[in-house]
Amino acid sequence: MTSSACPPLRADLVLPCLDEARALPWVLARVPAGWRPIVVDNGSTDGSADIARRLGATVVHEPRRGFGAACHAGLLAARAELVCFCDCDASLDPGLLAPMAARVAAGGADLLLGRRRPQGRGAWPVHARAGNLALARMLRRRTGLRLHDLGPMRVARREALLGLELTDRRSGYPLQMVVRAADAGWRVAETNVPYLPRSGKSKVTGTWRGTWQAVRDMRRVLAEPPRTGAAPAEGMSA
């Protein structure tokens with residue numbers, strides 16, 4: 001008897017990593033079955049790469065420091081049609097990406113972002129929220145997208161992402177992805193995801209100084225002129 005059930009959805013999951021030895025076991029244990037976790041080590045000194053490898057992840061070493069450098073190295077190493085991104089600090093559950101990936105695969109969005117909803121005290125410091133709110137407003141003025149969060153949990157098709165030709169290798173990478181997707185006419189959407197207190201201290205938004213450095217990086221992205229001729233995401237309606 002032939003089964004009509006669809007094969008399980010598969011994706012590659014990019015996990016930028018800098019000194020996340022404590023969080024990695026929790027994070028990798030929650031990767032959806034059949035997915036390939038790609039841990040991009042960005043210069044860890046706490047054995048993160050060895051832990052990830054021992055737990056079955058593909059490990060990519062990116063010597064250039066920067067969130068964007070790590071994310072893009074993971075994208076280049078990905079081979080699945082769908083690529084997902086998630087922080088590696090245990091603030092977000094990778095298992096939540098399965099329904100998000102299914103939505104993109106079904107054509108419900110071209111780029112789907114996880115809108116962080118903090119759970120408990122300390123999950124999202126006030127300075128980080130303030131910076132995120134300022135960026136969301138700037139993004140709305142630049143693109144018209146009415147997003148509430150520019151969080152790190154997201155899903156899109158690999159070839160379409162490569163077609164955006166992302167160049168930022170610092171904190172502006174997530175924003176540049178959204179801006180260039182909007183310029184290309186992608187359907188960009190968001191869905192709520194619980195946001196937990198992270199393991200350890202954030203390398204980007206752990207302080208006011210780090211937060212506003214990220215804001216400056218992203219302002220530079222917003223100042224870029226709109227790109228012309230960018231290819232739409234595969235499967236987009238005309």
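Reader: Which residues have the most contacts inside the largest nonpolar core?

Author: They are Leu111, Leu161, Val178, Trp186 and Val188, in a core of 37 residues. Note that the model is predicted.

Reader: Which element gives the largest share of this core?

Author: Helix H7 does, with six residues. Other elements that give two or more residues include strand S2 (36-41), strand S5 (111-118) and helix H8 (208-222). A second, separate core has 36 residues, among them Cys86, Cys88, Met100 and Val104.

Reader: What makes helix H7 mostly covered?

Author: The count does. Nine of its 11 residues, in the run 173-183, are buried. Among them are Tyr173, Gln176, Val178 and Arg180. Glycine 185 follows H7, with a positive phi near 85 degrees.

Reader: Why is aspartate 183 called partly exposed?

Author: Its relative accessible area is 24%. Buried means under 20% and exposed means over 50%. The value for aspartate 183 falls in between, so the residue is partly exposed.

Reader: What does aspartate 183 form a salt bridge with?

Author: Its partner is arginine 142, and the closest N and O atoms are 2.9 Å apart. The cut-off is 4 Å, so the pair qualifies. Arginine 142 lies in helix H5 and aspartate 183 in helix H7, so the bridge ties together parts 41 residues apart in sequence.

Reader: How do you know that arginine 116 and aspartate 149 are buried?

Author: Arginine 116 has a relative accessible area of 12%. For aspartate 149 the value is 1%. Both are under 20%, so both count as buried. Their side chains meet in a salt bridge, at 2.8 Å from N to O. Arginine 116 sits in strand S5 and aspartate 149 in the loop between H5 and strand S6 (154-157), so this pair ties together parts 33 residues apart in sequence.

Reader: Where do arginine 53 and aspartate 50 lie?

Author: Both are in helix H2 (residues 48-54), three residues apart, about one turn of the helix. An α-helix has 3.6 residues a turn, so residues three or four places apart point the same way. Arginine 53 forms a salt bridge with aspartate 50, with the closest N and O atoms 3.2 Å apart. Arginine 53 is partly exposed at 42%, and aspartate 50 is partly exposed at 48%. The structure holds nine salt bridges.

Reader: Why does arginine 137 count as exposed?

Author: Its relative accessibility is 52%. Exposed means over 50%, so arginine 137 passes the cut-off. The residue lies in helix H5 (residues 126-143). With Arg140, Arg141 and Arg146, Arg137 gathers in a patch of positive charge on the surface.

Terms used:
Residues are numbered from 1 along each chain as its sequence is written. This is a predicted model: local features need pLDDT of at least 70, side-chain atom pairs count only at pLDDT 80 or more; totals for chains, interfaces and linings use all residues. Side-chain values use heavy atoms; hydrogens and water are left out. Patches are made of residues with over 30% relative accessible area and no salt bridge: like charges are joined within 9 Å, nonpolar side chains (Val, Leu, Ile, Met, Phe, Trp, Tyr) within 5 Å. Accessible areas come from the Shrake-Rupley method with a 1.4 Å probe; for residues, only the protein chains shown count as cover. Lys and Arg count as positive and Asp and Glu as negative; His and the chain ends are not counted. The place of a charge is taken as NZ of Lys, CZ of Arg, CG of Asp or CD of Glu. Helices (H or I, at least four residues) and strands (E, at least two) are DSSP runs, numbered from the N terminus. Buried means under 20% relative accessible area, exposed over 50%, partly exposed in between (1.4 Å probe, protein chains only). A nonpolar core is a set of buried Ala, Val, Leu, Ile, Met, Phe, Trp, Tyr and Cys residues joined through side-chain atoms within 4.5 Å.
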